[in-house]
Amino acid sequence: MMIINEIKELAKEAGQILLAAKNPKIMEKSGHANFCTETDEKIQAFLIEGLTGLLPEASFLGEEDGLDVFSEKMGEGYCFVLDPIDGTSNFIYSYRPSVISIALLKDGQPYAAVVYNPYDDMLFSAIKGEGAYLNGERIMSSDAPLSDGLAVFGTAPYYAELQEQTFEIAKRVLPLCVDLRRSGTAAWDMCCVAMGSCNLYFELRIQLWDYAAAALIASEAGCVLTDMEQRPLSYKGPTSVVCRARGVTEMPECFGGGA
Ligand code: IPD
Ligand code: CA
Ligand code: CA
């Protein structure tokens, strides 16, 4: 696709905005400990300007500034789905990483994706049907069984009602794998499964901007992505997400229910 290199460049420039931010102003949003900083807003505005220049006909769904409502028209033609900082709490507390996540949907399905971790200069990209790449090198998910790898999960931190079930599942997954991880960024978690560092990711509720880009990257790296009920992802809004590396051929039995 002609514009993937330009999207990568914009993600890298956005990463520089993130790295340069010093004591950004913090605003509270609805939900438990759900924050936005002026850097989230600045990066989203920067991406919208740059991406509009690349593809003027595209619509936008983004986490900040009231762009967070999925409308039917986003399921037609091109739509950029942006998470300017995935891992805002990490960013606020200087816990790494945080990533910039950009997905391009075409007729409601992911078509191109870029996820950038500026701290380690790691840029993941994918185009539908053309494989997943890390800094230009092809990546594939692990073919090892779950018992021979790490599992990573998200705590669905903004949804208190899901926490008991989240930790119940985590408790049951722990003996099935080498150990559990919790990074603080869902897009990074799925990229870790895509590059073979983890074998399984799950979270009971995340938003389209959290998963749209990383799900395409993981799927192009051979992962299987579903919701907790093993349905394909809808790419229309919030959902539970399970991302299994190639070696995790079946859904672990303890994954019953979900949001
Ligand atoms: C959050 C992160 C976190 C995940 C949450 C997301 P944000 O995104 O991805 O890892 O557990 O579900 O909402 O708020 O930092 O952009
Ligand atoms: Ca996010
Ligand atoms: Ca965010």
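**Entry 1: the model.** Before looking anything up, I noted that this is a predicted model.

**Entry 2: the place.** I started with where ligand 1 sits, and found it in the largest pocket. Next I looked up the domains. Domain 1 (4-139) and domain 2 (146-250) both give residues to the shell around ligand 1, so the ligand lies between them.

**Entry 3: the neighbours.** How many residues surround ligand 1? I wrote down 16, the closest being Asp-86, Gly-87, Thr-88, Tyr-158 and Glu-203.

**Entry 4: the strands.** I wanted to know which strands take part. Strand 4 (78-86) and strand 12 (200-206) each supply at least two residues of the shell. Which element gives the largest share? That is strand 4, with three residues.

**Entry 5: the polar contacts.** Here I looked for ligand oxygen atoms paired with polar backbone atoms. For Thr-88, one of the closest residues, I noted a distance of 2.8 Å between its polar backbone atom and an oxygen of ligand 1. Gly-184 also has a polar backbone atom facing my list, 3.1 Å from a ligand oxygen. For Ile-85, the distance from a polar backbone atom to an oxygen of ligand 1 is 3.2 Å.

**Entry 6: the cover.** Last, I checked how much of ligand 1 the protein covers. On its own, ligand 1 has 380 Å² of accessible area, and the protein covers 96% of that.

How values were computed:
Residues numbered from 1 in each chain as written. Chains lettered and ligands numbered in written order. Predicted model: local features only at pLDDT ≥ 70, side-chain atom pairs only at ≥ 80, totals over all residues. Heavy atoms only, no water. Near = heavy atom within 4 Å. Polar contact = N/O pair within 3.5 Å; in protein donor to acceptor, adjacent residues only side chain to side chain. Areas by Shrake-Rupley, 256 points an atom, 1.4 Å probe, with all protein chains shown as cover. 1 Å grid on protein atoms, 1.4 Å probe; cavity = no way out; pocket = protein on both sides within 12 Å on 5 of 7 lines; lining within 4 Å. Sits in = over half its atoms within 2 Å of the grid points. Helix = DSSP H or I, 4+ residues; strand = E, 2+ residues; numbered from the N terminus. Domains from an automatic or database assignment.
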